[in-house]
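Q: Please take a close look at one part of this model, the nonpolar core, and set it in its surroundings.

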Amino acid sequence: MVLFPVEIFSAEGNAAARKKIYKMNCSPCHGEEGKGDGVGARLLPVKPAVHSDGNIMNNRSDKYLSKIISKGGSAVGRSTYMPAWGGLFSDQQIRDLIAHIRSLTRSLSHSSKGVDR
Ligand code: HEC
């Protein structure tokens, strides 16, 4: 029965699984820590969003992030270099990605205040 492992995978707090999805699919452009410095970033004419920048990301609603992730940049009037992921990920996985992005923002605001944890 597959239901059980799926539930574990998507359970709140499964940060490692979320990180892995992000690393495999998003970090080539956005960078592993969401700094917009992935290996592919310099090849793009549009700079990938910096997910660790709280000044930008804290102003974005979950709804907005969900839309751009599932439907791509063009769905919100932004660059088509941000691909649409809705066909690849479930709604739950997209929520997980948003949670991961939010955690990247938090970790940077910690270090910028000099808090080393
Ligand atoms: C091929 C490169 C590429 C990949 C891979 C990619 N992105 Fe993006 N992404 C971009 C670019 C470029 C932008 C900026 C678009 C703009 O500013 O017009 C962007 C913007 C975004 C934004 C908007 C942030 C804001 O400023 O509001 C989010 C959220 C996002 N990406 C999430 C993701 C997630 C999650 C993944 C992995 C599932 C991913 N991206 C994979 C290129 C990429």
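Q: How many helices and strands are there in the chain, and which residues make up the largest nonpolar core?

A: This is a predicted model: local features need pLDDT of at least 70, side-chain atom pairs count only at pLDDT 80 or more, and totals for chains, interfaces and linings use all residues. Residues are numbered from 1 along each chain as its sequence is written.

The chain has six helices and zero strands. Helices (H or I, at least four residues) and strands (E, at least two) are DSSP runs, numbered from the N terminus. Along the sequence the pattern reads α-α-α-α-α-α.

Of the 117 residues in the chain, 20% are buried. Buried means that 20 or more other C-beta atoms, placed from the backbone, lie within 10 Å of the residue's own.

Now the core. The largest nonpolar core holds nine residues: Y22, C26, C29, L65, I69, I94, L97, I101 and L104. Such a core is a set of buried Ala, Val, Leu, Ile, Met, Phe, Trp, Tyr and Cys residues joined through C-beta atoms within 7 Å. α5 and α6 (91–112) each supply at least two residues of this core. α6 gives the most, with four residues.

Look at I69. Leaving aside neighbours within four places in sequence, I69 is in contact (C-beta atoms, placed from the backbone, within 7 Å) with W85, I94 and L97.

The ligand comes next. C26 and C29, listed in the core, are also among the residues that come nearest to the ligand, with R78, S79 and M82. The shell has 23 residues, each with its C-beta atom, placed from the backbone, within 6 Å of the ligand. α3 (27–30) and α5 (62–71) are the elements that give two or more residues to this shell.

Terms used
Buried ≥ 20, exposed ≤ 12 C-beta atoms within 10 Å, placed from the backbone. Contact = placed C-beta atoms within 7 Å.
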